[in-house]
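The tour goes from one selection to the next, with a short note at each stop.

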Amino acid sequence: FLVLIQLFLGNSCRFIAKPCAINLGIQDSGPHRAQPNAILEKVFTSITKSPDGKRLEGLSKQLDWDVRKIQRWFRHRRNQDKPTTLTKFCESMWRFTFYFSIFFYGIRFLWTTPWFWDTRQCWYNYPFQPLTSRLYYYYILELAFYWSLMFSQFTDIKRKDFLIMFVHHLATIGLITFSYMNNMVRVGTLVLCLHDASDFLLEAAKLANYAKYQRLCDAFFMLFGVVFIVTRLGIYPFWILNTTLFESWELIGPYPSWWLFNGLLLTLQVLHVIWSYLIIRTASKALVRGKVSKDDRSDVESSSEEEDVTSNSTKGIFSTSSNGSNRLNGHVAGGQWTGE
């Protein structure tokens, strides 16, 4: 399944996402490239990508360049290694496709199950509960997808929340694998479907943002924020954690894996709180100031003072710099997008 998903992702980027991006006017062009300079290039590759004041003064004397010009060169040089807007669009497109498909598959499947309507059904006759083919494929597809995210995180766009997303992927894979091995798949399907509810909205907002449909982007993001907070801070603790912590204890007692299973679920809840705080902070800035400052986890820097001015004057939930850098991968808010 992991191989099939990787093939699907590669083909969707090549035959679906890229043509869509081109039709929307998204060009495969990167940020402004730095002026070739052997001395600065050697410093950049061998010593530091962000020189301090003392080193800048030394380079200024050596090259007879103004310090600000050298600072600008290093900004350009850092930015030219960043992914293009087309690359980001393709990455968001395949994630949107998967999240959208798997969420509605999960809803359609769970709608006919008794434990969707009564969570106590997750623990009746445990662990002697049948594993149907639909449930099996739902679980394996989700597991394969998160393994693909784990591997691709090292090759995809690098972001500042790398460690948080790495912990998230580890906890998710651990939960899926652990619950499958212990036949806790009923409550596991509820957790999976709940987490997929907001992810496709986030990816839709990214796609609109890259295509420069700002109002549509803002609408999708606000909808994502509402759904995320309701599901992760409301439904998750009062529906999922309630059944895993209390109903399971009442019906089957403190089984040996109870502590580990709930520990992983509580780890996810901590991440939910962190991401919700970042989303609320960004939305608050948008309402109070009518614009949003650069996201804390931005993966692209402004390459000049003019770009900074452009970025700061842009209205809407996501500010857009001249190189099209807007990203919120996973779950934090701002001009540059975050997981899930």
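Start by selecting T113 and L110: a polar atom of the T113 side chain lies 2.7 Å from the backbone oxygen of L110. Keep in mind that this model is predicted.

Stay on T113 and show the elements on either side. T113 sits in the loop between α5 (85-110) and α6 (114-117). Is T113 buried or exposed? Its relative accessibility is 5%, and because buried means under 20%, T113 counts as buried.

**Two helices**

Next, select residues 133-152, which form helix α7, and residues 185-210, which form helix α9. Two packed helices are described by the angle between their axes and the distance between the axes. At what angle do α7 and α9 pack? The angle is about 55 degrees, and the axes are 11 Å apart. That angle makes α7 oblique to α9, because angles under 35 degrees count as roughly parallel and those from 65 to 115 as roughly perpendicular. Turn the view to look at how the two helices cross: the crossing of α7 and α9 is left-handed.

**Two phenylalanines**

Now select F44, which is in helix α2 (residues 38-46). With a relative accessible area of 4%, F44 is buried. F44 and F74 are 30 residues apart along the chain, and their C-alpha atoms are separated by 7.6 Å.

**Two cysteines**

Select C193 next. C193 has a relative accessible area of 5% and is buried. Then select C217, where the relative accessible area is 0%, so this residue is buried as well. How many disulfides does the model have? A disulfide here needs a pair of cysteine sulfur atoms within 2.5 Å, and by this rule the count comes to zero.

**The whole chain**

The chain has twelve helices and zero strands.

Switch to a surface view. The accessible surface of the protein chain comes to about 16100 Å². Carbon and sulfur atoms account for 64% of that surface. How much of the chain is buried? Of the 340 residues in the protein chain, 53% are buried. T113, F44, C193 and C217 are among the buried residues visited on this tour.

Technical notes
Residues are numbered from 1 along each chain as its sequence is written. This is a predicted model: local features need pLDDT of at least 70, side-chain atom pairs count only at pLDDT 80 or more; totals for chains, interfaces and linings use all residues. Side-chain values use heavy atoms; hydrogens and water are left out. Buried means under 20% relative accessible area, exposed over 50%, partly exposed in between (1.4 Å probe, protein chains only). Helices (H or I, at least four residues) and strands (E, at least two) are DSSP runs, numbered from the N terminus. Accessible areas come from the Shrake-Rupley method with a 1.4 Å probe; for residues, only the protein chains shown count as cover. A polar contact is a pair of N or O atoms within 3.5 Å; within protein, one must be able to donate a hydrogen and the other to accept it, and residues adjacent in sequence count only if both atoms are side-chain atoms. Axes are lines fitted to C-alpha atoms, for helices over the stretch in contact, and angles run from 0 to 180 degrees between N-to-C directions. Angles under 35 degrees count as roughly parallel, over 145 as roughly antiparallel, 65 to 115 as roughly perpendicular and the rest as oblique. A crossing is left-handed if the near helix is turned anticlockwise from the far one by less than a right angle, and right-handed if clockwise.
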